[in-house]
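Please open the model in a viewer and keep the sequence panel at hand. The stops below are intended to be selected in turn.

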Amino acid sequence: SAMDEDVDPPATDYNMRRQNESRLNTSLLDNILTLENASVTAKLEALQNINQLCKQASDKILEFFATHDALPLVLSQLRASNSELNHVTLITLNTICKTPLTREAIIKSGGLQLLTLHLRSTNNEVVLEAAQCLGKLAKDEAHASTIVEGDVLPVLVTLLKSPSEEIVITVANSLNLLLHGLYGSGNEGALDGKIDEMTAEGVMPPLISRLYSDNPDVVRAASGVLLYMLFHEQNCNFYLDRGALPRLLQLLNSDMDQQVVYAAASVANLACFSRCAELIVEHGGLLRFLMLLRSDNDKIIQRALRGIYNVTVINKYCGLVAQLGLSYIIQALETKKSPILEFATGILNSCSKYERCPGYFVFELVKAGAVPTLFSLQSMMHETISSRATDILERLEKAVRQIACCLDMRDENLRVNAALTLPYLTKKSSKAEKYFVFIEKKGIQYLMDLLKEPDHFVKALKSVHCLMVDMSPMSNLSNQVIPHINDEYKSWFNKPEVSDVKFIVEGKSIYASKFILVARSEYFKKLFLTGMRESRDHEIPVQDIEYEIFYKLMEFLHTNGIKIQSRDEAVNLLMAADRYQLEKIKRHAEDYLSKAITKETVLKIFQLASAYNSDGLKKYCLDWLLSNCEKLLEDSDSGIEILQMVLQGEDGLKELTQCLTQAFSYQQPSNEGSSSASTWRDGAMFTS
């Protein structure tokens, strides 16, 4: 039968992978052993096989291969005098250089010295492979210092003068990786020393000449090295003396993003030195940087901002930057990337300190709506960005009265953004300034009007939240105290023998004392003491209320004690308390419902509070919404919809307006707040 036949189990993926790895290991070992005593032809064939096998091998196999005795056998072939054997060996090494561990093994096995040796070869193919392998080793920042400790830099500088463009590109790319590794490792001393060494070897002339090549790859590779050389002022001066600045500025218009990145970084480095910065501005470099801020490439934007920042360090150019490109720089604040934010805030900080452009600067920041963004940047973990944002805002805080005058301007965009901006700038203002901004200049009314508009709702809400975050809560539910009632009245409740009135609710009787009801409730006082029919009746039917709810009302009036069991019961008690004008019971219901507020319930509870005159609960709902508005705004459409339904409604706006008006109103001295009047003239701001 089939059960008795010998059937091999199906091979799983894991088993297949293990079998393939085993075959690869065996093949690699066989070919490596061939390198020991074989002929040149056999070695060439073995190296080609090793190269192909390494391409198929996993990183784990390569690392095992590189960290054991196999790698020295491969490297030993570089000591042979046969250029073809050297070439194939270098190709194999380039394949092996796939992981950090294999690259480290090559350096430890003496591969760096052998690569330097073959960089001097007269065979261009050998030189190309050696330079390419060197560049791969330099990918690891930890290896960059080790690589440049030898005599490899002078050799690479010499190769930049090669007539072969392919060699120049490969060598320049390797140099770029080496210098980037030194820069990234934070070893600035080593970087400075190697830049000096390369300068002494005459690297600048060939680099500058390569910038004029017709081959864009040559230009890109040369400018990649040049940007590191221009860290030193003597190289910058040499570059300018050769009249090459226009060429570098021309490269800012390249269609190749990487070329623009290198060129922008080089010009930014030049701008660190005052003489260079002046020439850059004279040749239109500042305008080109500003144009680059419209790029979609973050690296280009970062380099352009760095160049503009270095220019604005020379104060006389701050006004020019503010007038020509402030809007682009403000747009850069919207990014979440620290390098871009660091330079953007640095530029704005420089402009805000420059005495000739504060009026225009304030005008543009307000009009662009940048203040809320700057306010949020204060809480960033990045110390430099946070500090710069704080410095800018502190200068703007001194101009709140002038900014408030923007609320009277005809420019609608300016009015809107001034209203949205002022809450962020008045947190440290005096009472007089707040009164001037929010009451006299109707800043509160502007904010409430913006809350009604869907296009401005979110920003207006954030401004209101900022305004109220340091204020006391609108609601004081937690501070409400219900006075104690004498315990002897408890025995008067629902006792026929001591009661003088009986209520019939849903066919059931509840006995009570008119004396206590009149003393505790305005509703029952009018009912029993104004000659109404109920004042003469001893049995009063009650409609439209549940027995349990009315029982709790009577119990509370006699005992001052009430225990709410559920949210539905709290809702019914709130409705009943409003009907019978029992404010103390209403407070109990409000307190219970306030603890039940969540994203899912806040809208219904607010609507309930509005319908039954529960001002305390309405204010509590508004407090909850404002304190949780950031989370609700993050919750896409549903959170925003809840906020809009409450805050755009008549009750929500009315409560907010009353609260804010009360907060900023005070008895102002007759001569206070009238000493400073602001006008805008020719785009600048003056205070008279």
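The model is a predicted one.

**First stop: two helices**

Select helix 30, residues 457–468, together with helix 40, residues 650–664. Two packed helices are described by the angle between their axes and the distance between the axes. Here the axes come within 12 Å and cross at roughly 40 degrees. Helix 30 is therefore oblique to helix 40, and their crossing is left-handed.

Next, show the side chains at this contact. From helix 30, select Val-464, Leu-467 and Met-468; they meet Leu-656, Cys-659, Leu-660 and Phe-664 of helix 40. The residues of this contact comprise 7 nonpolar, no polar and no charged.

**Second stop: a glutamine**

Move to helix 17, residues 257–270, and select Gln-259. Is Gln-259 buried or exposed? Its relative accessibility is 2%, so Gln-259 counts as buried, the cut-off for that class being under 20%. To see what surrounds Gln-259, display Pro-216, Val-219, Arg-220, Ser-223, Leu-251 and Ser-254, which Gln-259 touches when residues up to four places away in sequence are not counted.

Side chains of opposite charge can pair when their charged atoms come close. The structure holds 13 salt bridges, and several may be visited here.

Begin with Asp-411 and Lys-367, whose side chains meet in a salt bridge at 3.2 Å, N to O. Asp-411 is in the loop between helix 26 (400–404) and helix 27 (412–425), while Lys-367 belongs to helix 23 (residues 358–367), so the pair ties together parts that are 44 residues apart in sequence. Asp-411 is partly exposed, at 28% relative accessibility, and Lys-367 is partly exposed, also at 28%.

Now select Glu-539 and Lys-502, which form a salt bridge through their side chains at 3.2 Å, N to O. Which elements does this pair connect? Glu-539 lies in strand 3 (residues 539–542) and Lys-502 in strand 1 (residues 501–505), so parts that are 37 residues apart in sequence are tied together. Glu-539 counts as partly exposed, with 46% relative accessibility.

Note on methods: Residues are numbered from 1 along each chain as its sequence is written. This is a predicted model: local features need pLDDT of at least 70, side-chain atom pairs count only at pLDDT 80 or more; totals for chains, interfaces and linings use all residues. Side-chain values use heavy atoms; hydrogens and water are left out. Axes are lines fitted to C-alpha atoms, for helices over the stretch in contact, and angles run from 0 to 180 degrees between N-to-C directions. Helices (H or I, at least four residues) and strands (E, at least two) are DSSP runs, numbered from the N terminus. Angles under 35 degrees count as roughly parallel, over 145 as roughly antiparallel, 65 to 115 as roughly perpendicular and the rest as oblique. A crossing is left-handed if the near helix is turned anticlockwise from the far one by less than a right angle, and right-handed if clockwise. Contact means heavy atoms within 4.5 Å. Ala, Val, Leu, Ile, Met, Phe, Trp, Tyr, Cys and Pro count as nonpolar, Asp, Glu, Lys and Arg as charged, and the others, Gly among them, as polar. Buried means under 20% relative accessible area, exposed over 50%, partly exposed in between (1.4 Å probe, protein chains only). A salt bridge is a side-chain nitrogen of Lys or Arg within 4 Å of a carboxyl oxygen of Asp or Glu.
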